Amino acid sequence: MDYENIPDHLILNYELLKVTIFEETRRLFEDRPYIIQKWKREAYGMTTDEIRMQAPCENMGPSFRALFFLFTQTLYFDKYITKPMIKNAVELYQDSIKVILAGHFMTEFPHEEIKRSTNEEKIREALDRDYIYSSMDMDYYLMRDIVTKKKDFREGETGYLATEIIDNRGKIRGFAELRPFDSQVYEFPSDQQKMWLELIKSTINSLDEMTADLFDLIIYLWMVSPKTPDGYIEFHSNDALQLRNLKKRTSRKRELDYREEDRFNIMKRVAALSSIWVSLGDQQVKVINTQDLKDNELYKFKDFQRMFEIGKIRVAYDKKSGEPKGIYAVQVKPSSILTPYIDGPNRSLGLLDLKVFQYSHFTRREHKRLTRYLNLQWKIRTVKRTLNQPFRVSTLLKIMDFSSRYNGVQKRDKFEIVLDELQKDGIIKNWAYTEVIDEERVGKKGWFQNYWTKLHVVILPTDQIVKENQKNLSIPSTGINKELINKLNQLDHENALLEKELLSETIISQGIGKSSAALSKRAIVSQNIKKTNRKKANREIQKVEQQALDFSLKQSIILSPESMKEKMEGLGMSIRQTAEEIGISHTTLSRYLRGENKRRNKNNDEKMLKWLEEKT
């Protein structure tokens, strides 16, 4: 069959529809030849059951089946489908298609997919930009900083490890505690639970600058990546290893994979992040004694929250022995103690230079700490227009946290070397003391504390940092259609339940031979599923919600809060400016963008759609 010879105006039958879906989507997965090869066999082949039913049979793989149902039961339900319709849908929903199929790929191709991250494109985008977005709130900064200070955790009166969260002025902003073990590990299968417990054994020793890097990376990916209905993203060890520019293993000049040791070092720090509980304000903090794991009373906490929550974990298994090799990925999400700083109207986002991830947490620890602090200060000072305000040397020394074994001369040398290297690496534009140093006083008694640490330096950001920080930064649109994904997930779930129920009823009711009964059961199931979905679709049409999408694709422009936000961001327009152009109030537009309108206003929708079309 020559795909190019299929006419554009032809209404596709089942056989041609399979081929068209394959040919139009294959480009999205060209880097996965094992998927393309299997899909091609399924698309161009027709089993006896398929010929009889004109529908996918049970022998079809879950990924291609899901792809087929995406077009036939979600995007174009109960419609005649042509080649151009498939082309348009693939172009419009290509990012969503990748997300939808990710879980099916993992089930169908476990050994190949375990080494792939769903965040590959987001990591590549960050590498191309040389920065990620991060919160520039002081409380966020302090919570991230506490994960680097294992020496600050001390055994308190109760015998548990805890520490105070203190700002640069010495004010106590909150408390933190270590709670390495948690009842959630019992939700894992036994072999996975054992591996997770192995990771969190060394929680206190996993607190360092690399842990702070993962804190920022997980937060960033959570802001830009699609989430499960429970709010989780999947964080893969590849995400951090790729961002850190770690080299893969090689054999005979052939690149293999990252070392298991490198993956373990990443994942044990993720486990450490999930073991830290924080209380901000005047509340008191409790800590769990890891030896009393069976004491259920220890889990009854009300006055603090963990920073990160863990969902499922993804484990790699040896192809030959079937033994687990290691944890490659985890579902993770920030708790409600962190989300106000990254997902809300009062959040303050700024840029975090990617070199902070690429500096060694052993040899360039001071570089990493100062980079984070300067990125925070530059956002604040850009807003306040105080970029030329100098920094006190003593403040920066406290941030950089040099080892106490260095003497004054060594600390000064290292201080200046760090600033020179940050300038050389393009993190800062330039730096200088505000006055000429009196070298005659250097080295004399009291020179370090009484003279040099009281000096000031001006450190200026790069032009790009200034330009970006002058904007009211918002996360770019992900290109992921959440409504589409939710609809398909719901449809998959309902179909699975209905198919199970109908098959059970059919087995009882059909008094025919096994082979013909199997075909009849599948045909009856298929028909009943279609009837049920058609009824549901009719109800959905009658109950139109604000965020509903026009899946018929009759319009080239689709109105949604996401498309409005994307267009406004691309034009650099505020809500008030946009509302004035559209001819609606800015409060109405604001509510629409936040998804708070309970009832749809057709007149306002027409105005917004017309504005979108004019601006596109």
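## Basis of the values

In this predicted model, local features need pLDDT of at least 70 and side-chain atom pairs count only at pLDDT 80 or more, while totals for chains, interfaces and linings use all residues. Residues are numbered from 1 along each chain as its sequence is written, and side-chain values use heavy atoms, with hydrogens and water left out.

## A salt bridge between Arg27 and Glu91

A search of the whole structure finds 32 salt bridges, where a salt bridge is a side-chain nitrogen of Lys or Arg within 4 Å of a carboxyl oxygen of Asp or Glu. One of these joins the side chains of Arg27 and Glu91, with a distance of 3.4 Å from N to O. The pair links distant parts of the chain, as Arg27 lies in the loop between helix 1 (14-25) and helix 2 (33-44), whereas Glu91 lies in helix 5 (residues 83-108), 64 residues apart. Helices (H or I, at least four residues) and strands (E, at least two) are DSSP runs, numbered from the N terminus.

Is Arg27 buried, exposed or partly exposed? Arg27 is partly exposed, because its relative accessible area is 42%, and the terms are set so that buried means under 20% relative accessible area, exposed over 50%, and partly exposed in between (1.4 Å probe, protein chains only).

## Glu209 and its two arginine partners

Glu209 forms a salt bridge with Arg369, and the closest N and O atoms are 3.0 Å apart. This pair also links distant parts of the chain, with Glu209 in helix 10 (residues 209-224) and Arg369 in helix 14 (residues 365-384), 160 residues apart. Glu209 forms a salt bridge with Arg372 as well, the closest N and O atoms being 2.6 Å apart, and here the two residues, in helix 10 and helix 14, are 163 residues apart.

Glu209 is buried, with a relative accessible area of 1%; Arg369 is buried at 3%, and Arg372 is buried at 4%. These residues belong to a network of salt bridges that links Asp145, Lys149, Glu209, Asp213, Arg365, Lys368, Arg369, Arg372 and Asp401.

## Thr588 in helix 23

Thr588 is placed in helix 23 (residues 586-594), and Thr588 is buried, because its relative accessible area is 17%. Thr588 and Ile575 are 13 residues apart in sequence, and their C-alpha atoms are 9.8 Å apart in space.
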